[in-house]
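User: Hi, I have a structure open and would like to go through it with you. Can we start with the ligand and then look at a single residue?

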Amino acid sequence: MKPKIIVYKKVDQSVLEYLQNTCNVVYFEQLDSLNYPEFFQELKDAQGILGSGLQVNKDFLDRAPQLKIVCNASVGHDNLDLTELSKRGIMATNTPDVLNDTVADTIMGLILSTARRMPELDQLVKAGQWGSKNEEKWFGLDVHHKVLGIIGMGGIGSDIAKRAHFGFDMNILYHNRSRNNEAEQKYGATYCSLEDLLRQSDFVCLMTPLTPQTEKLIGKREFELMKKTAIFINGSRGKTVDEEALYHALKTGEIYAAGLDVFVEEPIKKDNPLLTLENVVTLPHIGSATYETRLKMAMLAAENLVVGLRGETPPNQIKSGVIA
Ligand SMILES: NC(=O)C1=CN([C@@H]2O[C@H](COP(=O)(O)OP(=O)(O)OC[C@H]3O[C@@H](n4cnc5c(N)ncnc54)[C@H](O)[C@@H]3O)[C@@H](O)[C@H]2O)C=CC1
Ligand SMILES: O=C(O)C(=O)CO
């Protein structure tokens, strides 16, 4: 009999068909309060789940006694309690690398749109307010030849460095848990302490995973260290930043602007004070969201699931306690 699995995220038909070759697939295009009861009913005898964002913790796993594998269709895996999973002998996988270029493109988009104030200018033109009198009011800051500080020089950080170095002649500083020789040799990146990076960078780009060590990594003190002209970009997870401190830094001119793809609460609440600021460019956690890349991520997650359920080691197994 084919093992039962649950896909809890909208995926391409080709991914479903691939999974159906070896699995009995229960498909939820998305989870909401209406279909949660049905989802948890199905979970009771499911051997695998594939999707992203669900909090897989002790309570969740108590409701999934047959589970053998949890496949995130994302590289981030802060939603998974790896200790609890490994205690129960349940495999966990993610989708690294296939999204690096796409997320790096998004980050460059945030860098350019904050520095050159593109969303504000778009609104101005569309509102029929394109005049010559106020032209200088809308001037922005150069990106090329500036200093870009990348915190978290992993797969995505390196692809941001590549674009910044070759495309924009930027000087790259980075802070990471360990030295990244490839980024140093190929993109001229210079390793430094977090404090030096914050003091010297024109653009500070946060690209670490969310872990106990990176939660609120950037807060009041870190914003105070940044240049007044600094632009802060967050593409990691909302909780890596103290949002109140960020609001204060932007409101008081401690930093120039911010470009944010991620927030503490997602979707962000309409009354979040950050949304009142002109010097913030926001995106709805869309870093990897192109048709091509989302398909690659879903297919990679599906391949991991099939291999894992075959009793073999999936290519992107996340190992508890392994530090990059
Ligand atoms: N906005 C979006 O749509 C997306 C966001 N992400 C986020 O980006 C994160 C990074 O993704 P990848 O580059 O693929 O991961 P990666 O594992 O290749 O790179 C992460 C880097 O962060 C470094 N790091 C970890 N903890 C650190 C610390 N305390 N201080 C300094 N450096 C630290 C690691 O050494 C590693 O080099 C993901 O975990 C996810 O949270 C990933 C994809 C899309
Ligand atoms: O992959 C991730 O971690 C994301 O945030 C979505 O692509």
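User: Which domains does the shell around ligand 1 draw at least three residues from?

Analyst: Bearing in mind that this is a predicted model, the shell around ligand 1 takes at least three residues from domain 1, which covers 4-98 + 291-323, and at least three from domain 2, which covers 100-282.

User: And which residues come nearest to ligand 1?

Analyst: There are 32 residues around ligand 1, and those that come nearest are Gly76, Gly152, Gly154, Pro209 and Gly287. If you sort the shell by residue kind, it divides into twelve nonpolar, 17 polar and three charged residues.

User: Ok, which helix gives the most to that shell?

Analyst: That is helix α7, made of residues 155-168, which contributes three residues to the shell around ligand 1.

User: What does UniProt place at residues 108-287?

Analyst: An unreviewed UniProt entry gives that stretch the feature "domain: D-isomer specific 2-hydroxyacid dehydrogenase NAD-binding". In the model, the span 108-287 is 33% helix and 15% strand, and its end C-alpha atoms lie 11 Å apart.

User: Switching topic, where is Arg63 found, and is it buried or exposed?

Analyst: Arg63 sits in the loop that runs between α3 (58-62) and β4 (69-72). Arg63 counts as exposed because 12 other C-beta atoms lie within 10 Å, and the cut-off for exposed is 12 or fewer.

User: So what does Arg63 touch?

Analyst: Leaving aside residues up to four places away in sequence, Arg63 touches Phe40 and Leu43. As for Lys44, which is 19 residues from Arg63 along the chain, the C-alpha atoms of the two are separated by 6.1 Å.

Terms used. Residues are numbered from 1 along each chain as its sequence is written. Chains are lettered from A and ligands numbered from 1 in the order in which they are written. This is a predicted model: local features need pLDDT of at least 70, side-chain atom pairs count only at pLDDT 80 or more; totals for chains, interfaces and linings use all residues. A residue is near a molecule or strand if its C-beta atom, placed from the backbone, lies within 6 Å of it. Helices (H or I, at least four residues) and strands (E, at least two) are DSSP runs, numbered from the N terminus. Ala, Val, Leu, Ile, Met, Phe, Trp, Tyr, Cys and Pro count as nonpolar, Asp, Glu, Lys and Arg as charged, and the others, Gly among them, as polar. Domain bounds come from an automatic or database domain assignment. UniProt positions are given in the numbering used here, feature names are shortened, and annotations may be inferred rather than shown by experiment. A residue is buried if 20 or more other C-beta atoms lie within 10 Å of its own, exposed if 12 or fewer, and partly exposed in between; C-beta atoms are placed from the backbone. Two residues are in contact if their C-beta atoms, placed from the backbone, lie within 7 Å.
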